2 protein chains.
Amino acid sequence: MTRFALTLEFDGGPFMGLQRQDHGPSVQQCVEEAVQAITGETVTMHSAGRTDSGVHALAMRSHVDVEKDIAPFRLMQALNAVLRPNPIAVTACEVKPGDWHARFSCVGRAYEYRIVNRRAPLTLEKGRAWHIARPIDAEAMHRAAQALVGFHDFTTFRSAHCQARDPLKTLDRLDVRREGDRVIVEAAARSFLHHQVRSMVGTLALVGQGQWREEQVGEALAAQDRAALGLNAPSEGLYFVRAAYPEE
Amino acid sequence: MTRFALTLEFDGGPFMGLQRQDHGPSVQQCVEEAVQAITGETVTMHSAGRTDSGVHALAMRSHVDVEKDIAPFRLMQALNAVLRPNPIAVTACEVKPGDWHARFSCVGRAYEYRIVNRRAPLTLEKGRAWHIARPIDAEAMHRAAQALVGFHDFTTFRSAHCQARDPLKTLDRLDVRREGDRVIVEAAARSFLHHQVRSMVGTLALVGQGQWREEQVGEALAAQDRAALGLNAPSEGLYFVRAAYPEE
């Protein structure tokens with residue numbers, strides 16, 4: 001039995017999410033079926049993050065255990081061949097020790113959220129970013145975001161369906177910057193609650209549009225109440241960009 | 001009669017090209033029909049460049065003449081509303097003097113060509129870049145490209161269907177750079193021949209893969225013979241990025 005760590009890039013648009021769902025196609029199902037097509041084995045894929053329907057990944061980290069004797073490079077090539085035409089690519093594949101776990105060994109996760117801030121609708125970036133037509137103030141968003149950095153009860157920014165035991169998390173970084181008509185939000189933490197990044201970005205966008213005062217973000221956090229949430233940003237602007245492991 | 005200059009962004013994927021075609025949808029047809037829907041007038045759109053099927057634009061410049069009394073901002077908003085769901089956006093609209101011409105007043109054009117150079121297939125950038133799986137040497141491509149810069153007979157790099165009177169052009173810039181697994185080619189000139197950028201990029205890619213010596217690019221140019229061409233790069237990696245006008 002060999003444990004293979006996979007690095008996955010995918011367009012989340014056609015999927016119900018990364019993890020298997022009863023009601024539609026998932027990235028997990030596609031990869032597991034591709035492994036089965038190559039090895040004849042039924043495998044379960046584990047991943048660093050659980051992304052929602054429409055959320056993209058530039059470098060998700062996952063693992064599968066395979067009995068068949070196959071070199072990592074050949075497995076990667078075979079997976080990419082079988083996965084076509086699904087918009088999922090295995091960009092790296094390596095052998096890991098049996099106690100390495102894509103989810104439980106992961107000590108850091110990073111997301112990027114992309115906003116296009118202009119009057120005109122999206123063309124090339126349709127389904128790849130959140131389009132906000134009203135001018136938004138990225139500097140105000142960045143200042144307001146700092147109230148969320150640190151160890152907090154993130155109940156306000158948590159989905160009603162979140163399965164985490166408790167809402168206490170340490171947010172390491174929440175940076176907002178403008179690049180022309182792009183506004184990019186970068187979030188990093190050991191782990192996130194369900195919908196946490198989208199909830200934070202949606203709320204910051206209200207600050208950016210002047211609908212919320214900057215201090216209201218900290219007040220909403222302190223309320224520890226989902227009803228205090230401003231807005232959940234749409235899934236298509238969110239990208240899982242990095243998973244960190246102690247040995248790497 | 002008011003002359004409106006439009007800045008257009010579009011995903012070239014669903015179109016037969018920018019200019020009107022008998023055999024399929026074009027960007028020109030979509031915009032002309034949108035103007036007609038708004039003003040009731042039959043207009044002809046003129047543009048700085050003529051892009052092929054599948055070629056994208058980040059900032060094409062075009063113009064239309066309209067009788068109806070309408071402010072540029074309202075025309076832009078109305079066009080964007082009517083153009084949905086076509087992946088065409090009007091990102092700017094301004095009034096120009098009647099002797100300003102999107103094509104004939106244009107004194108400089110710039111294109112960008114995007115290559116993704118990695119084993120894994122494309123997901124989020126499918127249809128937005130040329131995927132080259134074999135490692136390519138961007139520095140060798142950049143050095144080889146310099147043989148094409150300057151005033152030359154570009155017959156070798158010209159489509160058999162090119163309608164330009166003569167093949168003599170001055171290429172101002174042809175730069176190749178690597179950004180991680182991306183290789184970006186930037187080309188600038190007063191004007192280009194049909195397929196010139198794609199022909200140059202395709203040939204440079206042979207140098208990048210070591211199939212051509214760097215000096216062969218200059219030799220192919222000197223041959224002034226289409227048969228000496230290496231390869232035409234696919235349309236989906238090409239972006240029209242800038243048109244320059246003397247007064248701007």
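The dialogue below concerns a predicted model and takes up its domains, its interface and its backbone.

Student: Into which domains is chain A divided, and what distance separates their centres?

Tutor: The model is predicted, and chain A is described in it by two stretches. Domain 1 covers 2–96 and domain 2 covers 110–244. Taken over C-alpha atoms, the centres of domain 1 of chain A and domain 2 of chain A are separated by 27 Å.

Student: How many residues does each domain of chain A bring to the contact?

Tutor: Contact here requires heavy atoms within 4.5 Å. By that rule domain 2 of chain A gives 16 residues, and domain 1 of chain A gives 15 residues.

Student: What area do the two domains of chain A bury between them, and which residues of domain 1 lose the most?

Tutor: Between domain 1 and domain 2 of chain A about 1,100 Å² is buried, with 54% of it on carbon and sulfur atoms. Three residues of domain 1 of chain A together account for 45% of what that side buries. The residues that lose the most area to domain 2 of chain A are Asp52(A), His56(A) and Leu58(A).

Student: How many salt bridges and polar contacts are counted between the two domains of chain A?

Tutor: A salt bridge needs a side-chain nitrogen of Lys or Arg within 4 Å of a carboxyl oxygen of Asp or Glu. Between domain 1 and domain 2 of chain A, the counts are 2 salt bridges and 10 residue pairs in polar contact.

Student: Of which classes are the residues on the side of domain 1 of chain A that touches domain 2?

Tutor: Beside the 10 residue pairs in polar contact between these domains, the residues may be sorted by class. On the side of domain 1 of chain A that touches domain 2 of chain A, there are 6 nonpolar, 5 polar and 4 charged residues.

Student: What area do chain B and chain A bury between them?

Tutor: The size of an interface is often given as the accessible area lost when the parts come together. Here 26 residues of chain B are in contact with 26 residues of chain A. Of the area buried between chain B and chain A, 59% is on carbon and sulfur atoms, and the total is about 2,000 Å².

Student: Which elements of chain B each supply at least two residues of the side that touches chain A?

Tutor: Across the interface of chain B and chain A there are 2 salt bridges, and Glu9(A) and Arg118(B) meet in a salt bridge at 2.8 Å, N to O. The count of residue pairs in polar contact between the chains is 8. By class, the side of chain B that touches chain A has 14 nonpolar, 5 polar and 7 charged residues. The elements that each supply at least two residues of that side are strand E1 (2–10), strand E3 (56–66), helix H2 (72–83) and strand E4 (88–96) of chain B.

Student: What is the relation between chain B and chain A?

Tutor: Chain B is superposed on chain A by a rotation of 180° with 0.0 Å of shift along its axis, at an RMSD of 0.0 Å. That is the relation of a two-fold axis.

Student: Through which surface do the copies meet, and which residue of chain B comes closest to the rotation axis?

Tutor: The copies meet through the same surface, because 100% of the interface residues of chain B are also interface residues in chain A. The residue of chain B that comes closest to the rotation axis, at 4.9 Å (C-alpha), is Glu125(B).

Student: Where in chain A does Pro85(A) lie?

Tutor: The peptide bond from Arg84(A) to Pro85(A) is cis, with omega near -5°. Pro85(A) lies in the loop between helix H2 (72–83) and strand E4 (88–96).

Terms used:
Residues are numbered from 1 along each chain as its sequence is written. Chains are lettered from A and ligands numbered from 1 in the order in which they are written. This is a predicted model: local features need pLDDT of at least 70, side-chain atom pairs count only at pLDDT 80 or more; totals for chains, interfaces and linings use all residues. Side-chain values use heavy atoms; hydrogens and water are left out. Domain bounds come from an automatic or database domain assignment. Buried area is the accessible area (1.4 Å probe) that two parts lose on being put together, summed over both. A polar contact is a pair of N or O atoms within 3.5 Å; within protein, one must be able to donate a hydrogen and the other to accept it, and residues adjacent in sequence count only if both atoms are side-chain atoms. Ala, Val, Leu, Ile, Met, Phe, Trp, Tyr, Cys and Pro count as nonpolar, Asp, Glu, Lys and Arg as charged, and the others, Gly among them, as polar. Helices (H or I, at least four residues) and strands (E, at least two) are DSSP runs, numbered from the N terminus. Copies are superposed by least squares on the C-alpha atoms of residues with pLDDT of at least 70 in both.
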